[in-house]
Every structure is written in structure tokens, then in C-alpha cells.
Amino acid sequence: FRRVLFRSLWSADFGTGSQTDLAQRTSFTAARVLGCALDGYSSARPRLKPAVLKSYLNACALLDETFFDDPSQALSILRQVNEQAPSFRPGWAKRLIAETNRYQSLNPAQRKAYAPQFRRLISDVRKLYAELPEADVAEVELVPGRDFYGEVKLVDRAARSDPDNVFVLAARSLEML
């Protein structure tokens with residue numbers, strides 16, 4: 001039953017490529033989506049409606065596929081997930097990851113224009129989840145100048161909050177570089 005349910009919630013077309021490349025992309029994306037499915041099926045949280053879970057799984061897959069490119073499609077879906085399930089903490093965490101990636105891809109003028117909106121989003125999410133480590137990592141982008149101490153302080157706080165969080169660990173590694 002779960003296999004059929006999962007198949008009806010998420011599917012993807014991995015296009016063409018070598019057998020090895022397709023196997024690797026399929027495995028990686030499926031593992032990420034399964035992790036996101038666990039977010040949606042956690043007994044510690046209220047159950048998501050199937051349509052919201054399906055959207056969340058699609059956003060997770062898109063976010064992984066576009067991590068270093070344009071996360072706008074994943075962001076659009078995650079905004080809908082946040083509207084439809086405002087108490088779903090993983091949806092807010094993924095949205096902050098996507099917003100951080102988007103912010104990093106902007107040129108300096110675009111960053112300056114978007115910074116107040118980005119700051120407001122981080123503040124709003126912190127009102128819901130004060131200890132969300134993705135909020136600390138997102139805020140690193142808004143630290144003025146090259147305040148290395150301020151950046152490390154935020155990333156370290158995120159790491160203390162969730163020491164196994166891959167996004168936090170990657171951000172911390174980049175900060176230390």
C-alpha cells in the first residue's frame with residue numbers, strides 16, 4: 001500500500017543519459033524525496049493532506065535538481081506548501097534553503113532590493129520556529145560587510161541546534177573556507 005501511495009504522490013522523468021548517470025541521478029533524487037516523505041509522515045507532526053505532501057515532495061526533488069541553478073519553481077511550490085500547511089516546519093526549512101540559494105544567485109543590485117523582503121521572511125519564520133537552523137544560515141547572507149565573526153556565530157548556532165543538518169554543515173564548511 002505505501003509503495004502505491006508513494007508512487008501516486010511523486011514521480012519524475014530523468015531524461016536521457018548513460019546507464020550509470022541515470023542510475024546515479026535516480027538514486028540520489030529518490031533518496032532525497034524519501035527523506036522529504038519522512039518529513040511528511042512523521043508521527044510527531046500533524047498529517048499533511050495528500051495534495052500538500054505531493055507538492056512538498058515535488059519541491060524537494062526540484063530543489064535538489066536546481067540547487068546551484070534557479071530555484072524559482074521549487075520556491076513557488078514551497079510558498080504554496082507554507083500557505084496550505086503553515087505549521088509544517090520542514091516546509092519552512094526547505095523554503096529558507098531555496099530562498100537562500102536564490103539570494104546567493106542575485107547580483108549586488110538585486111540583493112540590495114530583495115534584502116528587506118528576505119529579512120522579513122526570516123523574521124516571520126523565526127516567530128513560528130525560533131530555533132530553526134535554516135533561518136540562521138539564511139541570515140548569514142544578510143550580515144553586513146565581511147563580519148566573519150558574525151557569520152560564524154550564526155552558523156555555529158545553527159550547528160548546535162541541528163548538528164546533523166546537511167545544509168547547516170555545508171554552510172559551516174563554506175564559512176570556514
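This report describes the helices, disulfide, nonpolar cores and aromatic pairs of one predicted protein model.

Residues are numbered from 1 along each chain as its sequence is written, and side-chain values use heavy atoms, with hydrogens and water left out. Because the model is predicted, local features need pLDDT of at least 70 and side-chain atom pairs count only at pLDDT 80 or more, while totals for chains, interfaces and linings use all residues.

**Overall make-up**

The protein chain has nine helices and zero strands. Helices (H or I, at least four residues) and strands (E, at least two) are DSSP runs, numbered from the N terminus. Of the 177 residues in the protein chain, 41% are buried. Buried means under 20% relative accessible area, exposed over 50%, and partly exposed in between, with a 1.4 Å probe and protein chains only. Among contacts with a separation of 6 or more, 54% are between residues 24 or more positions apart; a contact means heavy atoms within 4.5 Å. The accessible surface of the protein chain is about 10,600 Å², and carbon and sulfur atoms hold 55% of this surface. Accessible areas come from the Shrake-Rupley method with a 1.4 Å probe; for residues, only the protein chains shown count as cover.

**The disulfide**

The structure holds one disulfide, that is, a pair of cysteine sulfur atoms within 2.5 Å. Cys36 is joined to Cys60, with an S to S distance of 2.2 Å.

**Nonpolar cores**

A nonpolar core is a set of buried Ala, Val, Leu, Ile, Met, Phe, Trp, Tyr and Cys residues joined through side-chain atoms within 4.5 Å. The largest one has 28 residues, of which Leu48, Tyr56, Leu57, Val81, Phe88 and Val137 touch the most other members. Helix H3 gives the largest share of this core, nine residues. A second, separate core has 16 residues, including Ala93, Leu106, Ile122 and Val125.

**Aromatic pairs**

There are four aromatic pairs. Rings of Phe, Tyr and Trp (its six-membered ring) pair if their centres lie within 6.5 Å; planes under 30 degrees apart count as stacked, over 60 as edge-to-face and the rest as tilted. Two of the pairs are set out here.

| Pair | Centre to centre | Angle between planes | Type |
|---|---|---|---|
| Tyr56 and Phe88 | 4.8 Å | 85° | edge-to-face |
| Tyr114 and Phe118 | 5.8 Å | 20° | stacked |

Tyr56 in helix H3 and Phe88 in the loop between H4 and H5 are 32 residues apart, and their pair links distant parts of the chain. Tyr56 counts as buried because its relative accessibility is 0%, and Phe88 counts as buried at 3%.

Tyr114 and Phe118 both lie in helix H6 (residues 108-128), four residues apart, about one turn of the helix. Both Tyr114 and Phe118 are buried. Ring pairs also link Tyr103, Tyr114 and Phe118 into a cluster. The charged end of Arg102 sits over the ring of Tyr114, 4.3 Å from the ring centre. A charge sits over a ring if NZ of Lys or CZ of Arg is within 6 Å of the ring centre and within 35 degrees of the ring normal.

**Glu99**

Glu99 is in helix H5 (residues 89-105). Glu99 has 1% relative accessibility, so Glu99 counts as buried. Leaving aside neighbours within four places in sequence, Glu99 is in contact with Leu75, Arg79, Tyr114, Phe118 and Leu121.
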